[in-house]
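Good morning, and thank you for coming.

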Amino acid sequence: MIIKFKRKNVVKLLFSFGAAAFLTACVNDQSSKTYENALDIPVSQEMIAELTDPPFVPTPVGKRKAKKLIVDLEIQEREGEMVNGVKYVYWTFGGTVPGSFIRTRVGDEIEFKLKNHPDNKLPHNIDLHAVNGPGGGAESSFVAPGHEKIFSFKTLNPGLYVYHCATAPVGMHIANGMYGLILVEPEGGLEPVDREYYIMQGDFYTEGKYGERGLQAFDMQKAIDEKADYVVFNGHVGAMTGDNALTAKVGETVRLFVGNGGPNLVSSFHVIGEIFDKVHVEGGDLVNDNVQTTLIPAGGAAIVEFKVDVPGSFILVDHSIFRAFNKGALAVLNVEGEENEKVFAGEIYEGIYLPEGSVIQSMPSLGKKDDKKEEVKALSFEEKMKFGKDKYMATCVACHQANGQGIEGAFPPLAKADYLNEDVDRAIDIVLNGKSGEITVNGKKYNSVMTAQALSDEDVANVLTYVYNSWGNNKTDVTPEMVKAVRNR
Ligand code: HEC
Ligand SMILES: [Cu+2]
């Protein structure tokens, strides 16, 4: 069963890299000699594998010959932050979720050393999908805290593979973040590109619901029911937004190594405003061109490549879209450079179109807005903050994000926002009636649409009181009377 790597596959692969790569590979390098069977590829010398934290990947293998590659990976159980104020104990390969990226080439002989840090509480192991052998190495690598295990394997099949912990209860180990990617490059390496990044989706199950503060324990029942509270890229909400956004320049080709650790959900991976020029489907040899959204199974991966033609913020999402805007499956790629109006001309005309008297669409109203029971007793400031936060986490967070930081180019910030702090009646009006057209917030322009939020006067007062009393804003206390006054203007 091991003889899977046939010469015709190697040749086909080389051809798919284009004539230039093929010629250089064949003309000037002995190492490009192809073997009937990857098992016959000789290894010379030893090398310590470079391991990287997401979203970065190690140096490409290029034309290096097959080697004995030493991978030294340490399991760490450590507390991290899922989203602002929400703590979670992650179990990790190398201290990050996903675990360290491992980059190899076909024919490498991997000597895999797995260490379980003495401070850890549990035994763990590793199942690498790149292994041909029982359990993908799971049995041979089972290791207790304060111990280490060494096993070895030869990489026979090029491709992008998931690795994960396979210690019982397997689902729980994966749900706590124990997964990562191992790349096996083909003979001669993948075609060079300008930027490469490492992204991995995972679903998380916590006792509290999304955004509920404090240390959150893993919730087994929610995991069994597949009711994820968080669906995120790279272990937590906002791992690649704001200052941590991915970057590229106009004209560059970007390659994303995208994996899905699960444990449960499959990913409909999509980049808003981009088309994948190439997708290495399921991380294998098959290359599909011109793809909008690619499906990445739990325990699977894909390599996607695209050239960025225009500047802007491109949003990476799981297009099962509530996961993106309500559970965290959202990352940002910021592209800098010259505009190109031939590719995209932005807004070229705006006129008035009023079929039913309103340009701004309303969210469907769920209840009656003017409940008679309104005149109960006024809420204390603490109650307003609490209800306001709940409302914020249920309604506004999708766009303005958990810390009110917004998303550059798409959703303006509410944290330390000059626009917000300037005029409370205007802010109330925006929440009641929505907003479109260009505005400038903290020196950055936004030109988008916020839909009217169908909230009662009290809800608007609470949510804005929460916003004004968080993240460095001016501490305005917004009352239902103020909201009513704006509503009746
Ligand atoms: C569907 C996405 C979306 C949701 C949900 C949303 N907003 Fe907005 N919001 C926007 C956009 C887009 C703008 C900018 C509109 C423009 O460009 O004219 C905006 C602008 C604002 C502004 C003025 C700009 C600033 O930064 O101060 C305030 C205040 C605001 N929103 C508050 C809220 C509050 C409070 C909620 C929840 C009750 C909310 N928004 C929900 C998308 C959203
Ligand atoms: Cu484990």
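**From the overall layout to the backbone**

The chain contains 11 helices and 24 strands. Please keep in mind that this is a predicted model. The chain has 489 residues, and 41% of them count as buried. If we take the contacts in the chain with a separation of 6 or more, residues 24 or more positions apart account for 71% of them.

Which residues touch the most other members of the largest nonpolar core? This core has 89 residues, and the ones in question are Tyr161, Leu181, Ile182, Phe257, Val258 and Ala301. Strand β3, residues 68–83, supplies the largest share of this core, namely six residues. At least three residues of the core come from domain 1 (7–188), and at least three from domain 2 (198–336).

Setting aside its neighbours within four places in sequence, Ile182 is in contact with Ile102, Thr104, Leu128, Ala130, Tyr161 and Tyr163.

Next, the packing of helices. Two packed helices are described by the angle between their axes and the distance between the axes. Consider α7 and helix α10, the latter spanning residues 457–468: their axes cross at roughly 95 degrees and come within 7 Å. Because angles of 65 to 115 degrees count as roughly perpendicular, α7 is roughly perpendicular to α10. On the α7 side, the residues that meet α10 include Lys384, Phe387 and Tyr392, and on the α10 side the partners include Asp459, Ala461 and Tyr466. By class, this contact of α7 with α10 comprises eight nonpolar, three polar and four charged residues.

A second pair is helix α9 (residues 424–433) with helix α11 (residues 480–487), which pack at an angle of about 70 degrees with their axes 9 Å apart. That angle makes α9 roughly perpendicular to α11. Here Asp425, Ile428, Asp429 and Leu432 of α9 meet Met482, Val483, Val486 and Arg487 of α11. The contact of α9 with α11 has five nonpolar residues, three charged ones and no polar ones.

Finally, the backbone. Most residues other than glycine have a negative phi, and most peptide bonds are trans. Pro263 sits in the loop between β15 (253–262) and β16 (267–272).

Positive phi values deserve a word as well. Lys416, which is not a glycine, has a phi near 40 degrees, and this residue belongs to the loop between α7 (381–400) and α8 (418–422). Is Lys416 buried, exposed or partly exposed? Lys416 counts as partly exposed, because it has 15 C-beta neighbours inside 10 Å. Asn442 likewise has a positive phi, of about 50 degrees, although it is not a glycine. Asn442 lies in the loop between β23 (435–441) and β24 (444–450). With 13 other C-beta atoms within 10 Å, Asn442 is partly exposed.

Methods. Residues are numbered from 1 along each chain as its sequence is written. Chains are lettered from A and ligands numbered from 1 in the order in which they are written. This is a predicted model: local features need pLDDT of at least 70, side-chain atom pairs count only at pLDDT 80 or more; totals for chains, interfaces and linings use all residues. Axes are lines fitted to C-alpha atoms, for helices over the stretch in contact, and angles run from 0 to 180 degrees between N-to-C directions. Helices (H or I, at least four residues) and strands (E, at least two) are DSSP runs, numbered from the N terminus. Angles under 35 degrees count as roughly parallel, over 145 as roughly antiparallel, 65 to 115 as roughly perpendicular and the rest as oblique. Two residues are in contact if their C-beta atoms, placed from the backbone, lie within 7 Å. Ala, Val, Leu, Ile, Met, Phe, Trp, Tyr, Cys and Pro count as nonpolar, Asp, Glu, Lys and Arg as charged, and the others, Gly among them, as polar. A nonpolar core is a set of buried Ala, Val, Leu, Ile, Met, Phe, Trp, Tyr and Cys residues joined through C-beta atoms within 7 Å. A residue is buried if 20 or more other C-beta atoms lie within 10 Å of its own, exposed if 12 or fewer, and partly exposed in between; C-beta atoms are placed from the backbone. Domain bounds come from an automatic or database domain assignment.
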